[in-house]
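Cut-offs come along with the values.

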Amino acid sequence: MNNRHVALLFFFANIFATLCGQNANQRYTDYIDRWKDVAISEQEQHGIPASITLAQGLLESGAGSSRLATEGNNHFGIKCHKDWQGETMLRDDDAPNECFRVYDSAHESFADHSRFLLRKRYESLFLLPIDDYKGWAHGLKQCGYATDPNYANRLISIIERYSLYNYDTPQGRNVSEDALFIFEHLRNSHPICKYRSLHYVIASPGDTYSDIAKEFGMKTKDLLRFNDVDADHEIRAWQEVYLQEKHDKAPADYHSIVIGEGETFHSIAQRIGMKLQCLKELNPDSPDSQGTRLRLR
C-alpha cells in the first residue's frame, strides 16, 4: 500500500469518526430542542434551573431512549415511593424489580420532576442562585437523588458539553443560535474529575479512547489498559474514563450492587473505580446481565 492510499484511508477514517460523533450527538441535541421550553417553563414556575432539568432528563432517560422513558414516559428515573397513586412499572436499578412511576405523557413527567424536587428533602437547593448549576448538581447528589457516586460530575459534564447553562437566565437565552453553535464546537476538552483519588474524565457522545488519549498526551494502549478495554472504540456516553490505574477493591461502603438497565460488569467497574478483573474474581459464576446482584467484597 503506497503513501497515497494510506493518506486516503486516514482521510475517510476521520470523516467516518466525525459522522459517528455527529450521529451520537444528534439524539441529545434533538432532545434539548424538544424540551428546552418545557424546562424553562418549569424553572419560571418552581425555581429549578432549566439546565439541571434538561441534564437530568438527558442522563436518566438516555435522551428519551430508555425503556422507562419510551414505555412509561418517565424521563427522570423517579421511583414510586409511598405517595404515588398512579400506574407503575418494574425495572432493575439499585435492586431487582424496583417500582417506578408511569405517566400519561412526557410533559407530566417534567411536571412531576418539579413537584418531586419541591419536597423538604431538597429545600436547601433553593437557597442556591438559579445559575449555580454546579451547586445544584452536587446538592442533588448530597440530598440523595441518585446513588451513583459520580452523578454530579455527569450532570455538570452534560450541562457544559451542550451549554445548557444558557437556559437558566434571560441573558443566556438571548444568545444567538450561531453563538450556541460555536460554544458547542469549542467545547472539545474534558475537565478532569477526581473520585477515590483517581483522576478521570466523563466521555461525551461520540468520544473514543484514542480521542481522549490524544487530548491528554497519553498512549492509547495505556488508556485502554487503565479502563479494561481491549481495543479502541466509541465510549458509552457519560461514562468514566480513568487516566490512571483503578483500584483493586470497591469503596469501603459498597458491599453489593445490582446490574441495572443498560449496564454491564464493565460499566459497574467504571462507576466505582474498580478493576474489572477484580470484580469478576469476586463473581466468577454471575451472569453479565440486567438484574444480577454482584458481590463487591
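This is a predicted model: local features need pLDDT of at least 70, side-chain atom pairs count only at pLDDT 80 or more; totals for chains, interfaces and linings use all residues.

A pocket here is an open set of points on a 1 Å grid over the protein atoms alone, with protein on both sides within 12 Å along at least five of seven lines.

Residues are numbered from 1 along each chain as its sequence is written, and side-chain values use heavy atoms, with hydrogens and water left out.

Q: What makes a residue part of the lining of the second largest pocket, and how many are there?
A: A lining residue has an atom within 4 Å of a point. The second largest pocket has 44 of them, with Glu 60, Arg 91, Asp 93, Asp 148 and Glu 263 nearest its centre. Helices (H or I, at least four residues) and strands (E, at least two) are DSSP runs, numbered from the N terminus. The elements giving two or more residues to this lining are α2 (50-61), α6 (151-161), β6 (256-258) and α11 (265-272). α2 gives the most, with 4 residues.

Q: How is the lining of the second largest pocket split by class?
A: Ala, Val, Leu, Ile, Met, Phe, Trp, Tyr, Cys and Pro count as nonpolar, Asp, Glu, Lys and Arg as charged, and the others, Gly among them, as polar. On that scheme the lining has 16 nonpolar, 13 polar and 15 charged residues.

Q: Why are Cys 80 and Cys 99 called a disulfide?
A: The cut-off is a pair of cysteine sulfur atoms within 2.5 Å. Cys 80 and Cys 99 have S to S 2.0 Å, and a disulfide joins them. Cys 80 sits in the loop between α3 (67-72) and β1 (88-91) and Cys 99 in strand β2 (residues 98-101), so the pair ties together parts 19 residues apart in sequence. A search of the whole structure finds 1 disulfide.

Q: What makes the disulfide of Cys 80 and Cys 99 left-handed?
A: Its S-S torsion is about -70°, so the disulfide gets that label.

Q: Which label do Cys 80 and Cys 99 get, buried or partly exposed?
A: Buried means under 20% relative accessible area, exposed over 50%, partly exposed in between (1.4 Å probe, protein chains only). Cys 80, at 6%, is buried, whereas Cys 99, at 30%, is partly exposed. Cys 278, at 17%, counts as buried.

Q: Why is α11 described as largely enclosed?
A: 8 of the 8 residues of α11 are buried, so the rest of the structure largely encloses this helix. Among them are Phe 265, His 266 and Ile 272. After α11 comes Gly 273, with a positive phi near 65°.

Q: How do you know that β3 and β4 pair?
A: Two strands pair if DSSP finds at least two bridges between them. Strand β3 (residues 193-195) and β4 have 3 bridges and run antiparallel. Cys 193, buried at 11%, has Tyr 200 in β4 as its bridge partner.

Q: What joins β4 to β5?
A: Again 3 bridges, to strand β5 (residues 240-242), antiparallel. Val 201 has Val 241 as its bridge partner in β5. Strand β4 (residues 198-202) is mostly covered, with 4 of its 5 residues buried.

Conventions. On a 1 Å grid over the protein atoms alone, a cavity is a set of points where a 1.4 Å probe fits but cannot get out, and a pocket is an open set with protein on both sides within 12 Å along at least five of seven lines; lining residues have an atom within 4 Å of a point.
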